[in-house]
Amino acid sequence: VVILKNLDMVKIKLVERLSMEEELSSKEYLLKVKNYVEELENLIARVYLKKDIKHLKDNEKNIFKKYLLYSAHSNFAERIIKAIENDDISAYPIEASTECDFHKYLSYPESIMACMDANLCMYIEKLHEVIHKIANTIFVFLINRRYVDAYMAFKELLDNMLKMSKTLSELYFIAFSDAEGNFFKLVEYLEDTEKSKFVYLIDIRNLKSLNSIYGEKNINKILKEIQKKLFDYVEPRKEYLLLVRGTTATFYMLALGLTPQQAEEVAKEVKGIIDGEYPLNGSEVKISTVVAMLEIEKYTDNSKDELIRILLHLKEEAKKEPSEMKLIVDQQAKEELRKWLVQKYQNTAFVRHKLSNKEIELVFQPIFETDTKQLFAVETLVRIPDDNGRLIPAGVFIDTIYELGLITKLDEFVLEKIEEKKDILSKITPNIFINVSSASMNSYAFLDKLGSFIENMEGFHIYFEITEQKLLEDVDNIKKILQEFKNVSFAIDDFGTGYSSLKTVVDLAEGKILKILKIDGSLIKDIATKEFSKKVVKTISLLTQNLGIDAVAEFVEDEYILDTLRQIKIKYAQGYYLSKPKRAEEILVMKLNQL
């Protein structure tokens with residue numbers, strides 16, 4: 001631009017100077033000189049255009065290139081670049097903005113998820129239209145060899161192309177940094193669309209056990225392969241399919257505009273491409289998926305949490321089916337789901353009512369020494385009595401309690417109920433295990449009540465069970481408790497599930513924060529049939545011995561497992577073979593009968 005301005009000045013001065021020379025002042029000569037300088041400007045502009053056109057180029061490794069709108073935008077720029085660099089005007093993209101792939105992709109589910117803001121969507125459509133108009137103008141200048149004008153128009157095109165790249169990058173970053181959350185926002189956003197909508201949940205069966213057996217790192221390699229297969233399947237079908245990976249190993253998929261039969265066929269195809277054996281370190285890992293699918297009918301008002309809840313319910317139902325699929329498309333299936341939802345809402349009201357009236361009961365599962373089978377401790381478990389007096393296990397209602405935000409209230413009630421049973425418990429054991437939620441460990445009100453509880457439980461040793469991630473998150477509060485009270489220890493729950501960190505355990509043990517590892521039952525159950533699981537448990541035993549802490553094995557279901565635990569020096573065990581959870585009074589009777 002600077003060169004062109006200076007050449008214009010040279011042209012003006014030169015013409016002025018020449019017009020003063022009588023023999024050079026003819027019109028023809030002055031016009032010839034003027035045209036010569038302008039041709040020089042044109043040639044320079046052409047060189048600079050070919051040189052600067054590369055600024056339209058994207059970084060080849062740009063992470064947003066895999067997304068539809070960014071890809072179309074980038075490809076359009078590449079076509080302009082190649083045409084100008086190769087002096088091949090026939091390859092130049094001449095098309096209206098409505099004829100471009102970018103415009104077509106705007107209606108695809110991936111693009112809608114990236115652009116649910118109506119104002120932003122309108123902005124990128126207008127910007128796309130402007131880009132095409134400028135690009136078409138450049139073409140006209142090029143075929144007329146008006147390179148100065150083409151170069152000036154290119155500067156404007158570059159500015160708008162960069163605006164588009166920046167806007168799309170921001171949109172995709174926002175959309176896919178929380179892919180799961182925005183996926184369900186999209187489903188809600190499309191509530192009133194005339195197109196049919198089907199939402200899928202695709203989950204790897206027995207992932208927890210696979211992590212335990214083969215190691216989380218190895219299984220993650222297989223998960224990456226599965227993810228690639230799924231995205232490869234969706235790629236040519238992006239016009240109506242959108243796939244995202246959830247926060248765990250769960251995948252969610254949206255299908256638009258399909259018939260119920262087509263939607264079912266997609267579910268079968270997806271399951272078919274994933275299920276099978278995957279090579280791992282010279283052996284084969286068998287992978288099986290569970291697929292749940294729900295048709296979202298027009299004007300259905302489902303929040304993200306509600307929809308996830310429904311899909312998780314369908315996933316559990318799918319596990320009971322020979323096909324490992326639960327597809328809700330016909331009226332009968334929809335009616336069954338409706339009945340479940342009604343029951344669920346009734347259960348919510350039931351749980352809320354029970355907790356508001358403190359209608360909970362405690363049962364206790366004994367923990368025994370593996371060598372002597374002597375009772376060492378009891379683990380506190382929560383039950384809710386139904387209207388017939390039957391005790392409902394925590395697994396049935398605990399998710400509802402979390403959803404209602406009542407978990408801290410429940411933890412407080414547990415402390416109160418334990419105090420009520422203090423006299424009976426003192427005749428059974430001085431050691432009591434209590435599960436405490438992370439939410440409670442971060443509640444000042446709960447921590448105040450916890451302090452009073454510990455003081456009132458003089459003569460008992462209290463073991464609080466919590467996951468190792470939560471132990472780390474709540475470590476400051478835990479240290480304060482340990483400094484203030486000498487009759488308290490902490491235990492890691494469900495150790496060995498594949499999410500445990502060896503460094504975390506070492507750090508917690510070294511800091512005198514951790515006293516007990518509770519080994520996940522899925523590992524213990526397998527030691528009778530799987531040598532690998534037995535080796536893992538043996539390794540955990542050696543780890544605890546070296547760190548000066550103890551281990552408790554859960555889910556001990558027969559004498560062989562107990563004998564194995566004894567041989568590999570696991571100190572404590574619990575499970576139905578030893579004793580089912582019972583009321584404190586029943587355990588006291590059991591203990592007295594054994595004397």
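These are my notebook entries on a predicted model.

**Ground rules**

I'm working with a predicted model, so local features need pLDDT of at least 70 and side-chain atom pairs count only at pLDDT 80 or more, while totals for chains, interfaces and linings use all residues. Residues are numbered from 1 along each chain as its sequence is written, and side-chain values use heavy atoms, with hydrogens and water left out.

**Entry: cavities**

A cavity here is a set of points, on a 1 Å grid over the protein atoms alone, where a 1.4 Å probe fits but cannot get out; lining residues have an atom within 4 Å of a point. Grid points are joined across faces, edges and corners, and a volume is the space filled by probe spheres set on the points.

How many cavities of 30 Å³ or more does the structure hold? I get 2. The largest cavity has about 50 Å³ of space. Ala-72, His-73, Phe-76, Cys-100, Phe-102, His-128, Ile-131, His-132 and Met-164 line the largest cavity. Two elements, α3 (68-85) and α6 (118-143), each give two or more residues to that lining. (Helices are DSSP runs of H or I with at least four residues, strands are runs of E with at least two, and both are numbered from the N terminus.)

I sorted the lining by class and got 6 nonpolar, 3 polar and no charged residues. The classes: Ala, Val, Leu, Ile, Met, Phe, Trp, Tyr, Cys and Pro are nonpolar, Asp, Glu, Lys and Arg are charged, and the others, Gly among them, are polar.

**Entry: Phe-102**

I picked Phe-102 out of the lining and found it in helix α4 (residues 101-105). Is Phe-102 buried or exposed? Phe-102 is buried, at 1% relative accessible area; the cut-offs are under 20% for buried, over 50% for exposed and partly exposed in between, with a 1.4 Å probe and protein chains only.

Leaving out residues up to four places away in sequence, Phe-102 touches Leu-69, Ala-72, His-73, Ile-124, His-128, Met-164 and Leu-168, where contact means heavy atoms within 4.5 Å.

**Entry: the five-stranded sheet**

Next I traced an open sheet of 5 strands, ordered β2-β3-β1-β6-β7 with mixed pairing. (Two strands pair if DSSP finds at least two bridges between them.) Which strands stand at the edges? They are β2 (241-245) and β7 (325-328); each has a single partner strand, so one side of each lacks a neighbour in the sheet. Neighbouring strands are turned by 15° against each other on average, direction ignored.

I checked two of the pairings. β1 (residues 197-204) and β6 (residues 289-296) run antiparallel with 8 bridges, and Tyr-200 has Met-293 as its bridge partner in β6. β2 and β3 are antiparallel too, over 5 bridges, and a hairpin joins them through 5 residues. I noted that 4 of the 5 residues of β2 are buried, so β2 is largely enclosed by the rest of the structure.

Helix α12 (residues 304-318) lies across β1, β3 (251-256), β6 and β7, at about 135° to β6. That angle is taken between N-to-C directions, on a scale from 0 to 180 degrees, with axes fitted to C-alpha atoms and, for helices, over the stretch in contact.

**Entry: positive phi**

I flagged two non-glycine residues. Asn-206 has a positive phi of about 55° and sits in the loop between β1 and α9 (207-214). Glu-324 has a positive phi of about 60° and sits in the loop between α12 and β7.

**Entry: strand β9**

I finished on β9 (residues 375-385), where 11 of the 11 residues are buried, so the strand is largely enclosed by the rest of the structure. What does β9 pair with? β8 (residues 361-369) pairs with it in the antiparallel sense over 8 bridges, with Ala-377 as the partner of Ile-367. β11 (residues 431-435) pairs in the parallel sense over 2 bridges, and Glu-379 stands opposite Phe-433 there. β10 (residues 391-393) runs antiparallel to β9 with 3 bridges.

Both hairpins carry a positive phi: Lys-373 near 60° between β8 and β9, and Gly-389 at about 85° in the turn between β9 and β10.

Key. On a 1 Å grid over the protein atoms alone, a cavity is a set of points where a 1.4 Å probe fits but cannot get out, and a pocket is an open set with protein on both sides within 12 Å along at least five of seven lines; lining residues have an atom within 4 Å of a point. Two strands pair if DSSP finds at least two bridges between them.
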